[in-house]
Amino acid sequence: MPPKALLSTIHKEVSWQQALSDVITDYSELLEMLQLDHQQAPHALMAENEFPLRVPRPFAERMEPGNWQDPLLQQVLPLGKELDYQPGFQQDPLQEKASNPLPGLIHKYQSRVLMVVSGGCAIHCRYCFRRHFPYADNNPGRQQWQAALDYIRGNIEINEVIYSGGDPLVASDKLLADLTREIATIEHVKTLRIHSRLPVVIPQRINDQCLNWLTATRLRPVLVIHSNHANEIDEAVGFRLKMLANQGVTVLNQTVLLAGINDEPEILAKLSERLLDFQTLPYYLHLLDRVQGAAHFDVSEQKAVAITRQLLTLLPGYLVPRLVKEVPEAKSKLPIAVF
Ligand code: SF4
């Protein structure tokens, strides 16, 4: 049973749909809310034109007022340096278009297939590897599901379907419940995995309707959240993570290693401990995908290995995420040897 103070906060929460339609998209509003001086703002506006600012209020409320270096703010703040050309950073760093057999379907790894369920996101993370992804061509909608379902039905080696996006939990529960029901009719599919940042940025997204379709299916439900810093996991987020775990959903977290945000072992250790408080285990620690506009977040592989080694001394093995990188032609994510 959550403490009374938390319960009253949860009861006062707006619905997830309201929170989603009321995200902060205005740079000045965000600065005012955080009591930050416009005069000291980095040159942001052009970067914002390319990939607009988008921050849910529950996430912005966890930022520290007056602190330009706040690790949550840094993840969403458009900076002029995003527009500087950096060799080796590309529009489609994972070359997903090459593994895109049908609109809305990415089949890169043999046993699992990824469905782009929604092109939208609640938040715009400046380091996102899909910031230039052609969602307009890859948001098939119900009428085109049949082709994707037929593809999965015809490939018996596919045992896992992953809902992705954008953020798949931006889609309605009705749509997700219907799609899940269809997938459950395909005998060789055993697992449904959802990759979403919504449980962190708008935690009220995890409500009874969501839990209903997620736990009523014969498919094994796995939810991979995406959190990069312990400050993202407040009590409201933790309460939802526990709800999921208590209903039998396997909840894991993936993190992107980001310069200036979480590239210290103590920061990552705190995140793992915080996740464990709420029955969530760390899964992957990703090297940044080298997407244009995100070079300032890059951490070298050598430094990532050193951080992970130190992390192993601070935490039990089960709380140390696996350090990985994605390479376009590889048949899986590539683990990086730490020793
Ligand atoms: S796809 Fe994920 S990382 Fe990219 S902007 Fe959306 S929530 Fe952020």
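Buried here means under 20% relative accessible area, exposed over 50% and partly exposed in between, computed with a 1.4 Å probe on protein chains only. The model on screen is predicted, so local features need pLDDT of at least 70 and side-chain atom pairs count only at pLDDT 80 or more, while totals for chains, interfaces and linings use all residues. Residues are numbered from 1 along each chain as its sequence is written, and side-chain values use heavy atoms, with hydrogens and water left out.

**Stop two: the cavity**

Rolling a probe the size of a water molecule over the atoms shows where empty space is left. A cavity is a set of points, on a 1 Å grid over the protein atoms alone, where a 1.4 Å probe fits but cannot get out, and its lining residues have an atom within 4 Å of a point. Grid points are joined across faces, edges and corners, and a volume is the space filled by probe spheres set on the points. The search of the whole structure finds one cavity of 30 Å³ or more, and the largest cavity has a volume of about 60 Å³. To display its lining, select N253, T255, L268, L271, S272, L275, P282, Y283, Y284, L285 and P321. The elements that give two or more residues to this lining are β6 (250-256), α12 (265-277) and β7 (281-286), helices (H or I, at least four residues) and strands (E, at least two) being DSSP runs numbered from the N terminus. The lining has eight nonpolar, three polar and no charged residues.

**Stop three: the aromatic pairs**

Rings of Phe, Tyr and Trp (its six-membered ring) pair if their centres lie within 6.5 Å, with planes under 30 degrees apart counted as stacked, over 60 as edge-to-face and the rest as tilted. The whole structure holds two such pairs. Select Y127 and F297: their ring centres are 5.9 Å apart and their planes stand at 90 degrees, so this pair is edge-to-face. Y127 lies in the loop between β2 (112-116) and α7 (145-153), and F297, 170 residues apart from it, in the loop between β7 and α13 (301-314). Y127 is buried at 4% relative accessible area, and F297 is buried at 2%.

Finally, return to Y283 and Y284, which form a stacked pair, 4.0 Å centre to centre with 25 degrees between the planes. Y283 has a relative accessible area of 18% and therefore counts as buried, as does Y284 at 11%.

Key. 1 Å grid on protein atoms, 1.4 Å probe; cavity = no way out; pocket = protein on both sides within 12 Å on 5 of 7 lines; lining within 4 Å. Nonpolar A, V, L, I, M, F, W, Y, C, P; charged D, E, K, R; others polar.
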